[in-house]
Amino acid sequence: MTRVAVIGAGSWGTAVSALVAQNADEVVLWSHGSEGAKAINETHRNPRYLSDVELPANITATSDLSAASKGADAVVLATPSTHLRNISHELADTVGEELPVVVLTKGVEAGSGLLMSEVVADELGHECRVLALSGPNHAEEVSHGMFSCAVLASPDRKLAERMRPLVATPTFRVYVSEDIRGVETCGAVKNVIAIACGVCAGLGLGDNTLAAVMTRGIAEIGRVVAATGGQPMTCMGLAGMGDLVATCTSEHSRNRRFGEAFVRGTTLEQFERQTHMVVEGAHSATSVRELAQARGVEVPIVEGVWNLIHGGLSIEEVASSLRGRVPNTEFYGMGNGPASN
């Protein structure tokens, strides 16, 4: 493609702009702040995120949203979930009806229960041209060319295959999927599970506990995926188990790091202010909980994380509640019985 707009100059938006720059003539990276855009243009580095990475020469930055998207052959959205609707609304005037839109944002919109691709389609229209990219991809590693895999999802397989060369590189292997609902649901719920794993790690509860939380976490993800019309098998792939493992175990994971910091007494507001990053799992805990309640799905780990961050319960109260549950059959709610017991 000739010109691609990447909307969002956070760590993942910055890393993906460098990927896309290998496959497009020109990449325009939209930064919320004019000073950040200026610094990127002058130094070819993002001063706030991945500042040790030199960006390709064919990347330019701007803080003008219309200028970033005007004339683009494709748009990549990498804004926080809480801002995605407003940004998409502002883009509606400059993004043509047939223009492919790749969504990197992970989450479920609070109140509506919409996935991020659905939020974008709600504002831009023509949902058939919206795709989602997900997988175990920490920006810090991708930006340094370390080998990674991802999945590009669209109900239109031909569209996913046509768009794959936009993001695929020799070190960033991209598979395609038609299960966009499953892929996006995995991406939203796994961030909540990663906070729970961070809490467990911060308490020194050991590897057995972490393995149990991750495995029961993937079961929760599978129940939500099944209830929302996705394919439970997607949970076994890159967007599900792959991303869950990376997010729950890596030092790069802001969600896990927040869970560890929470144990030490750091609030969500303090952590986001210190890191200049949005802890998506903390916000998704609310929206995923709402979605699960509306669909009659049991998500005890999600419920526990919500109670810790937003519900005012202590760690011991949440842990006691989880320990007191009577185990069900292992894969209930994924085509093997009701989603709740």
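**A buried phenylalanine**

F258 has a relative accessibility of 0% and therefore counts as buried, a term that stands for under 20% relative accessible area, with exposed meaning over 50% and partly exposed the range in between (1.4 Å probe, protein chains only). The model is a predicted one, in which local features need pLDDT of at least 70 and side-chain atom pairs count only at pLDDT 80 or more, whereas totals for chains, interfaces and linings use all residues. Residues are numbered from 1 along each chain as its sequence is written, and side-chain values use heavy atoms, with hydrogens and water left out.

**Aromatic pairs and a charge over a ring**

Three aromatic pairs are found in a search of the whole structure, where rings of Phe, Tyr and Trp (its six-membered ring) pair if their centres lie within 6.5 Å, and planes under 30 degrees apart count as stacked, over 60 as edge-to-face and the rest as tilted. Because the planes of F258 and F271 stand at 65°, with ring centres 5.6 Å apart, this pair is edge-to-face. It links distant parts of the chain, 13 residues apart, with F258 in helix α11 (residues 254-263) and F271 in helix α12 (residues 268-275); helices (H or I, at least four residues) and strands (E, at least two) are DSSP runs numbered from the N terminus. F271 is also buried, at a relative accessible area of 5%, and ring pairs join F258, F262 and F271 into a cluster.

Elsewhere, the charged end of R289 sits over the ring of W306, 3.7 Å from its centre, the criterion being NZ of Lys or CZ of Arg within 6 Å of the ring centre and within 35 degrees of the ring normal.

**T185 in helix α8**

T185 belongs to helix α8 (residues 180-202) and is buried at 2% relative accessibility. Leaving aside neighbours within four places in sequence, T185 is in contact (heavy atoms within 4.5 Å) with L115, V224, V225 and T228. The C-alpha atoms of T185 and I221 are separated by 7.3 Å, although these residues lie 36 residues apart along the chain.

**Nonpolar cores**

A nonpolar core is a set of buried Ala, Val, Leu, Ile, Met, Phe, Trp, Tyr and Cys residues joined through side-chain atoms within 4.5 Å. The largest has 45 residues, and I193 and I221 have the most contacts inside it. Elements that each supply at least two residues of this core include β7 (148-153), α9 (207-227) and α13 (280-295), while its largest share, 12 residues, comes from α8.

Not counting residues up to four places away in sequence, I221 touches C186, V189, K190, C235 and L244.
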